[in-house]
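Thanks, everyone. Let's walk through one structure together. Please keep the sequence and the model in view while I talk.

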Amino acid sequence: DAVYSQSSKALEGRTWDGDALVQTILSAREQVSLSTMYYVPTAYTVFLENPAWWPALNDALLTKVAQGVRVRLLISQWTDAYPAMPAYLRALQSSAEANAAYAKHNGSIEVRFFALPGWKNATGPADEYPKYSRVNHGKYIVTDTRFNIGTNEMEWSFFFNTAGTSFNSDHPLLRRQLQDVFDRDWNSDYAKPLSTGERD
């Protein structure tokens with residue numbers, strides 16, 4: 001049976017990838033920058049029969065917001081994105097805003113979708129582009145102290161049912177280079193704010 005919280009089943013000397021993401025987020029003192037194709041606090045893929053709630057990443061992000069940290073999420077816009085994802089992301093933003101108003105701090109969560117031109121026409125041989133193309137495949141978190149680059153999307157069933165791996169480090173040069181990559185994409189013409197309605 002799936003356990004929708006942090007895992008204690010990692011091999012000795014190893015850290016489970018879900019825990020590594022949470023630890024990376026909690027390391028932040030000033031900012032968290034997260035880039036991924038999927039971000040949902042649940043299990044939605046075909047790997048599991050029933051949806052389930054997985055709040056570990058949301059809880060970690062909201063904890064840092066409550067401490068005054070700036071959080072930015074850059075989410076890929078593409079043909080296989082979960083339809084429910086914008087609603088989950090708006091709920092996360094609303095929770096952060098409510099907390100900031102109550103606690104009177106400068107913490108925040110901002111979400112942008114990263115949409116490469118032609119993403120709607122990447123559905124397979126009969127279309128303009130191959131399936132799974134015209135999409136930012138990055139899966140990483142970088143803070144002002146460390147970073148995590150992984151193979152899993154940020155959705156529970158990837159951690160529960162696939163053999164993913166990640167690289168975690170506080171190496172100053174690598175951390176700065178990854179932050180530069182995020183900032184480049186965040187400030188590009190391809191990054192669009194999360195709207196109050198459905199995505200285009």
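Start with the contacts, meaning heavy atoms within 4.5 Å. Among contacts between residues at least 6 apart in sequence, 75% join residues at least 24 apart.

A word on what you are looking at. This is a predicted model, where local features need pLDDT of at least 70, side-chain atom pairs count only at pLDDT 80 or more, and totals for chains, interfaces and linings use all residues. Residues are numbered from 1 along each chain as its sequence is written, and side-chain values use heavy atoms, with hydrogens and water left out.

Now the layout. The protein has five helices and seven strands. These are DSSP runs numbered from the N terminus: helices are H or I with at least four residues, strands are E with at least two. Along the sequence, the pattern reads α-β-α-β-α-β-β-β-α-β-α-β.

How much of the protein is buried? Of its 200 residues, 48% count as buried. Buried means under 20% relative accessible area, exposed means over 50%, and partly exposed is in between, with a 1.4 Å probe and protein chains only. The protein exposes about 10400 Å². Carbon and sulfur atoms supply 51% of that. Accessible areas come from the Shrake-Rupley method with a 1.4 Å probe; for residues, only the protein chains shown count as cover.

Next, helix H1, residues 17-26. Eight of the 10 residues of H1 are buried, so the helix is largely enclosed by the rest of the structure. Those buried residues include Asp17, Gly18, Asp19 and Ala20. What do the buried residues of H1 pack against? Their partners are E1, H2, strand E4 (140-143), E5, helix H4 (156-161) and strand E6 (166-169).

Take H2 from that list. Two packed helices are described by the angle between their axes and the distance between the axes. The axes of H1 and H2 (residues 56-66) come within 9 Å and cross at roughly 10 degrees. That makes H1 roughly parallel to H2. The axes are lines fitted to C-alpha atoms, for helices over the stretch in contact, and angles run from 0 to 180 degrees between N-to-C directions. Under 35 degrees counts as roughly parallel, over 145 as roughly antiparallel, 65 to 115 as roughly perpendicular, and the rest as oblique. On the H1 side, the meeting residues are Leu21, Val22, Ile25 and Leu26. On the H2 side, they are Ala56, Leu57, Ala60, Leu61, Thr63 and Lys64.

Two single residues now. Pro41 sits in the loop between strand E1 (31-36) and H2. Pro41 is buried, at a relative accessible area of 4%. Leaving out residues up to four places away in sequence, Pro41 touches Ala52, Trp53, Trp54, Pro55, Asn58 and Tyr88. Pro41 and Ala52 are 11 residues apart along the chain, and 8.5 Å separates their C-alpha atoms.

Then Gln93, in helix H3 (residues 85-103). Is Gln93 buried or exposed? At 15% relative accessibility, Gln93 counts as buried.

On to charges. The structure holds seven salt bridges. A salt bridge is a side-chain nitrogen of Lys or Arg within 4 Å of a carboxyl oxygen of Asp or Glu. One of them joins Asp144 and Arg29, at 4.0 Å, N to O. Asp144 lies in the loop between E4 and E5 and Arg29 in the loop between H1 and E1, so the pair ties together parts that are 115 residues apart in sequence. Asp144 counts as buried, at 19% relative accessibility. Arg29 is exposed, at 64%.

Glu153 and Lys139 meet in another salt bridge, at 3.4 Å, N to O. Glu153 is in the loop between E5 and H4, and Lys139 is in the loop between strand E3 (108-114) and E4, 14 residues apart. Both Glu153 and Lys139 are buried.

The side chains of Asp185 and Arg184 also pair, at 3.0 Å, N to O. Asp185 is buried at 8% relative accessibility, while Arg184 is exposed at 54%. Salt bridges that share partners also join Arg72, Arg176, Asp180 and Asp183 into one network.
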